[in-house]
Amino acid sequence: MEKKKNNAVEKVDNAVNQTSKKKTKKPSVKRSKQAKAKDKAMREKIRAEKRVELARIKAHKKAEKEKAKAAVLRERNRKKMELKAHREQIKAQKEERKQMLKNESKKERQQRLKEERAEKNRVKESKRKEKADARKARKERRQKNREQGRSYGGWLAAVISLGVATLVLASVLTFTFMMPSAGDMALESGYQKSFYDTVEQVDNIDLNLSKAIATKDTGAMQLYLVDTAINSELAENDLQQLPLQDESKYYTTKLINQIGDYAKYLNKKIVSGEQLSKDDMEGLVRLYNANRTFKNSLQEMMAQMSPDYSFSSMAGGGSGNLVIENFNELQNLSVEYPELIYDGPFSDGLDRKEMKGLIGDEIDQDKAKEIFVTTFSDYQLEKVENVGSSSGNIECFNVQAMVNGQALFAQVSKKGGKILMFSYAGSCNAEKISGEQATEKALEFLQKNGVENMKPVWINLANNLYTINFAYEDNGVIVYSDLIKVRVCAETEMVIGMEAVSYYTNHTERVIGNPKLSVDSASEEVSDNIEIKTDRLVLVPIGNSTEKLCYEFSGEYDGATYYVYIDAINGKQVEMFKVIESTEGMLLM
């Protein structure tokens, strides 16, 4: 019985507990719904605030737009009112002048005309003075440039400036011109001008060569050949200004040089009374066809260029660049015509010329690296490394290092271990030193590298960069075959390039005879129109293997400087150059 009672109590307790649990759960459910409702209300409030903010922003923008529109309208109306007022003013002035002229007495009219003439003369004189001042400034600049060039002289300086390394080095790593930042708009404009000037000169070469091939008239032939030589030099100068890697423009540069050189060679044959042979004309035709290929390629480049093509992008040398790829393809020009063997500085026969200035034992690449480090010990070299070798008439090792984040590249001959050339890809943005100071720096560099008895024979300043040509001096005689070209930055005073291929090709001990003519006798062979300023004995190269002892006379005529070379044995004129001022400094032509 007790047990049953207990069971009944337990049931009641259990029922009470379940009811209690149900009662405690209901308030919890109500709180959850309240929270949700509260969250929903908060979200609606936020959305409402955002809608209000967006509406405010939209209204503000609309108001600003209306305000700007109103301002434009006011400005337009103001200009209209000003224009209307100006027109009315002019109309009133015309009417006033008309009435004044109508009532003007003869004496007043004479006085007015006199004053008007005086005012016109005053304006005219002011303009004349401005032009005179401008002419004077240009004359002073030309005089400064002439003084820089005149202080020396220079056999074949025009040819030297074309880059002698194209004759020998198969790797064609000649000087890279120092340029400011590629982002400079003026520089981009300069590159663009150089490219299109190249196109124009190549077209002119094509025209003149076609005429030279088609004519039988000797006088006309000479004219076409002379024009071809001039076009060739101008085209080469423009090509050198393009920011292309040397290996990209080697074959086109060699072609242009060879065309001009061959034109001079044929012209000299005509002048000396010789008849051009069948082989001569066939060589001219081959060069004409090669130039035609170059011309067509340039035309295709222009057709493919987009309006926003950046010529500065060529400096990177990367793949995918339209101009770089086309110039690289033009390397095939080297096999489109046979070798041309003739007497001239760009004859293919020079590739087999004996290297007289290279003596000594063969070196290995470790020794080449050691020579490189010693030569440029003052340049704060980093990451010095061998970068292969180059074959050709002069075999050499290539060595490279970094200087202030820029590459310094050099070639060291395997025989004798001589620095044939080097170039430093730095920048040169200002002119802070004179030509004399640059020459001293260049001489110090040559002497440090064991090259003695060199005399400066030509100096040119362009793009804040001095290019100085040195020739070997043998007992007072300038030997123009033994040439070294050195470049010095006018901003940093740093020697940033050298090219000594011609020197090591030709330098040797010579027996130079005595002149048969006196300097006075030789000067009589110079035109009386030229006022002689300087004279000296020089040994000049003639063709591939001959040198002549000459008197070099520099003088002036009609404001221009001339260099005349008279044979010291027979008194005949060997050559004459005229100094031409150009955007790239002073050139000899």
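E552 is buried, with a relative accessible area of 2%; buried means under 20% relative accessible area, exposed means over 50%, and partly exposed is anything in between (1.4 Å probe, protein chains only). E552 pairs up with R536 in a salt bridge, at 2.8 Å from N to O. All of this comes from a predicted model, where local features need pLDDT of at least 70, side-chain atom pairs count only at pLDDT 80 or more, and totals for chains, interfaces and linings use all residues. Residues are numbered from 1 along each chain as its sequence is written, and side-chain values use heavy atoms, with hydrogens and water left out.

**The big picture**

- The protein has 12 helices and 13 strands; these are DSSP runs, with helices being H or I of at least four residues and strands being E of at least two, numbered from the N terminus.
- Of the 589 residues in the protein, 41% are buried.
- Take the contacts between residues at least 6 apart in sequence, and 62% of them join residues at least 24 apart; a contact here means heavy atoms within 4.5 Å.

**Salt bridges**

- A search of the whole structure turns up 14 salt bridges, each being a side-chain nitrogen of Lys or Arg within 4 Å of a carboxyl oxygen of Asp or Glu.
- As a bit of background, side chains of opposite charge can pair when their charged atoms come close.
- Back to the opening pair: R536 sits in strand 9 (residues 531-542) and E552 in strand 10 (residues 546-557), so their bridge ties together parts that are 16 residues apart in sequence.
- K448 forms a salt bridge with D378, and their closest N and O atoms are 3.3 Å apart. That pair links distant parts of the chain, 70 residues apart: K448 is in helix 10 (residues 435-448), while D378 is in the loop between helix 9 (365-375) and strand 1 (382-390).
- In that pair, K448 is partly exposed at 42% relative accessibility, whereas D378 is exposed at 63%.
- There's a network as well: salt bridges link D206, R292 and K295.

**Nonpolar cores**

- A nonpolar core is a set of buried Ala, Val, Leu, Ile, Met, Phe, Trp, Tyr and Cys residues joined through side-chain atoms within 4.5 Å. The largest one has 63 residues, and the members touching the most other members are Y379, F422, Y466, I484, V486, V488 and M498.
- Strand 7 (residues 477-489) supplies the largest share of this core, with six residues.
- Apart from this core lies another one, of 38 residues, including L287, A290, L298 and F311.
- Leaving out residues up to four places away in sequence, V486 touches A442, L446, Y466, T467, I468, F470, V495, G497 and M498.

**Helix 7 meets helix 8**

- The axes of helix 7 (residues 278-304) and helix 8 (residues 322-329) come within 10 Å and cross at roughly 165°. That makes helix 7 roughly antiparallel to helix 8.
- For the angle itself, axes are lines fitted to C-alpha atoms, for helices over the stretch in contact, and angles run from 0 to 180 degrees between N-to-C directions. Angles under 35 degrees count as roughly parallel, over 145 as roughly antiparallel, 65 to 115 as roughly perpendicular and the rest as oblique.
- On the helix 7 side, F294, S297, L298, M301 and Q304 do the touching, and they meet L322, V323, N326 and F327 in helix 8.

**Backbone and other spots to look at**

- K383 isn't a glycine, yet it has a positive phi of about 55°. You'll find K383 in strand 1, where it counts as exposed at 69% relative accessibility.
- E493 isn't a glycine either, and has a positive phi of about 65°. E493 lies in the loop between strand 7 and strand 8 (495-499) and is partly exposed, at 37%.
- T218 belongs to helix 5 (residues 218-241) and is partly exposed, with a relative accessible area of 43%.
- T218 and Q275 are 57 residues apart in sequence and 9.3 Å apart in space, C-alpha to C-alpha.
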